[in-house]
Structure formats: structure tokens, C-alpha cells
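I opened my notebook to jot down what I looked up, one entry at a time.

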Amino acid sequence: MRAALHARFGDPAAVLSEGETDLPEPGPGEVRIRTTLAPIHNHDLWTVRGQYGYKPTLPAVGGSEGLGTIDALGEGVDGLAVGQRVAAASVHGTWAEAFIAPVRMVIPMPDAIADETAAQLIAMPLSALMLLEFLHVETGDWIVQNTANGAVGKTLAVLASARGVNVANLVRRDDGVAELQALGIANVFSTASDDWQQAVRTALGGRLATAAVDSIGGSASGDLMGLLGEGGTLVSFGSMTGEPMQIPSGDVIFKQATVKGFWGSKVSQAMAVEDKRRLVGELLKLAAAGGLQLPVQAVYPLARIADAAAASLAGGRTGKVLLRP
């Protein structure tokens, strides 16, 4: 089968190319899915660089989420059928004509959810839901998040609002404000503006934020710490810059702040099955009703995987980059 492969770790736009690899066979408790669409996530690109929590054996097929149709069942698989439209995340090798997924990772997709949404619905939006519960915020509390125009940021803003939790949404460019407001997301601030921190503080009020979510690293981490209130929690969700978090020790000490890491894969593994089903059901219901918009920047064929990776890394992106085998 055709796949987007890399034989070494490095710059995704330089090391990824289309190639041929064996069609995988499902083992016990697994299914094979013929890929319809697969997204390119930031963590996928960090994996290609060799700098993520999971390091594949080379040569490797990229990708960790995909939408497609089941075309083969492994031994002992019940409740799923050949020809069924499904999505899967936290798997490996989805940037290919087919990939393998354990049954526990496979989610049937309702016809009401379009392919472009279904292909990116699980990994990032489900992480956002798990993150919201991980933060232990209550009605009326404030969360501050950067990279708010990403898939996780948009979902977190929508779901938090539905639960009565306020979110201050930070974007890195002025036109990102209108982009989120067009999706019905409020309290959006551009960090390109000179007075953005004061504007956020005014919105938060004297109590400041209960929690903050950092997906950038570097000095952006310190900016979020400055917006936390007494006893607040700063969660490192990702590192877009790859830089270490720069956090003033005084803020940590005098605010008695907590700094935590969040890795969706680990949190998911520790989560009770009934809780995960509840969150997935909430997500599917929201998407089917049109309450969650996940824009697509562009769709590329596997033959243009290097261009697709470059597009995913480009600044000013307004949606997810997808691959279509």
C-alpha cells in the first residue's frame, strides 16, 4: 500500500515522502481501516522529529488519527462490521491507504458528521474534554489558554462555556480574533496587541484565573503564570516553540501555584471506561448538532506529504491540514 514514510527523524518537510509498505493485517482484537482522511497534528510532527513521548521504529508511517471504513476484522472482534464507517485516534500509521486500530480505540461515526469533521474529531477535541475535567474548574471560574484557535482551543472554549466556565482565549495574531468570534467564541485577545495583558486582567477581574493552559512554552508560559490567581494551576499541554517553559519563581512561590503536565494518551489510559464513553458521547452529540466547528485549511494527497507538513507548520493557518490517500 502507499504511505507517508520517514526513514530518519528530522524536519517533517524534509524527511517525509510517499512510499510503499506492506498492507497490515489485524491481530486479535484489532480491525483494519481503509483510510478516507487523516489529519496532521502537531504531536505527529514532533514524532517525525523524534522528539515526542512515543518514538517509532524506522522506517515509520506517520499519523495517529484517521477516518475510514473497516475492511478486515481480527480474531475475537465483536460489535464492529466490515464496511462500517469509523474513526480512531491514539493509533499509529494513519497516513496510509490503511491502518490498524485496537477495537477499544475505534468509534463508529454517525452519518450526520461530515468526513472533514469526523477525521479530526477524536484526538484533539476529546483531549480538550479530558483537559476540561482535568482542570477541576467550577461554574464561574476562569481559564486562560493560548493557541486558542487550534482544534483543542476551540473545543475547550465551546465546552467550557456550555458548562458555565469562562475562558480567556489568546491568539498570536490580530485576525485570529475575528476568526474565533465568527465561531461564536467570546473573550478573544490577540497577544500581538501591546496592551493585551491588561485587557485580559480587566476581563478576569481581581480574582484572576483558576487555571491556565499552555501550548507554546518559552516566555508564553510566564505570561500565563502572571494571569493566574492565588492557588492557580498552570498546565503544559504542548510546546509549539520547543523551548523550555520560562516561569518566574516569584509567581510560583507567592501565588502557591501548581504546574502540571497533561498528556492525553496517559490521561485516557487512566480514565474509567464509563467516563470515556460519557465524554465521547458528549462530543459526538455536539458535532452531530453542528455545535462544534473544526475548519479544514487544505486536503493533500499522500504524494504531497512534504507540502502538507510544511502547510501544517506554516503560521496563520485557520484550520487543520488533512491527507487523503
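I began with Asp275, which forms a salt bridge with Arg278, their closest N and O atoms being 3.5 Å apart. This is a predicted model, by the way. The two residues sit 3 apart in helix H11, so about one helical turn separates Asp275 and Arg278. I looked up their cover too: Asp275 is partly exposed at 31% relative accessibility, and Arg278 is partly exposed at 38%.

For the whole structure I noted 15 salt bridges.

Next I picked Arg207 and Asp141, whose side chains meet in a salt bridge at 2.7 Å, N to O. This pair links distant parts of the chain, 66 residues apart. Arg207 lies in the loop between helix H7 and strand S12, and Asp141 in the loop between helix H4 and strand S9. Is Asp141 buried or exposed? Asp141 is buried, at 6%, while Arg207 is exposed at 56%.

**Back to helix H11**

I also checked Ala287, found in helix H11. Ala287 is buried, with a relative accessible area of 9%. Beyond its neighbours within four places in sequence, Ala287 is in contact with Ile113, Thr117, Leu121 and Leu292. Thr117 is 170 residues away along the chain, yet the C-alpha atoms of Ala287 and Thr117 are 7.9 Å apart.

**A surface patch**

Last entry: I found Tyr52, Tyr54 and Trp263 forming a nonpolar patch on the surface, with about 260 Å² of accessible area together. Tyr52 is in the loop between helix H2 and strand S4.

Notes
Residues are numbered from 1 along each chain as its sequence is written. This is a predicted model: local features need pLDDT of at least 70, side-chain atom pairs count only at pLDDT 80 or more; totals for chains, interfaces and linings use all residues. Side-chain values use heavy atoms; hydrogens and water are left out. Patches are made of residues with over 30% relative accessible area and no salt bridge: like charges are joined within 9 Å, nonpolar side chains (Val, Leu, Ile, Met, Phe, Trp, Tyr) within 5 Å. Accessible areas come from the Shrake-Rupley method with a 1.4 Å probe; for residues, only the protein chains shown count as cover. A salt bridge is a side-chain nitrogen of Lys or Arg within 4 Å of a carboxyl oxygen of Asp or Glu. Helices (H or I, at least four residues) and strands (E, at least two) are DSSP runs, numbered from the N terminus. Buried means under 20% relative accessible area, exposed over 50%, partly exposed in between (1.4 Å probe, protein chains only). Contact means heavy atoms within 4.5 Å.
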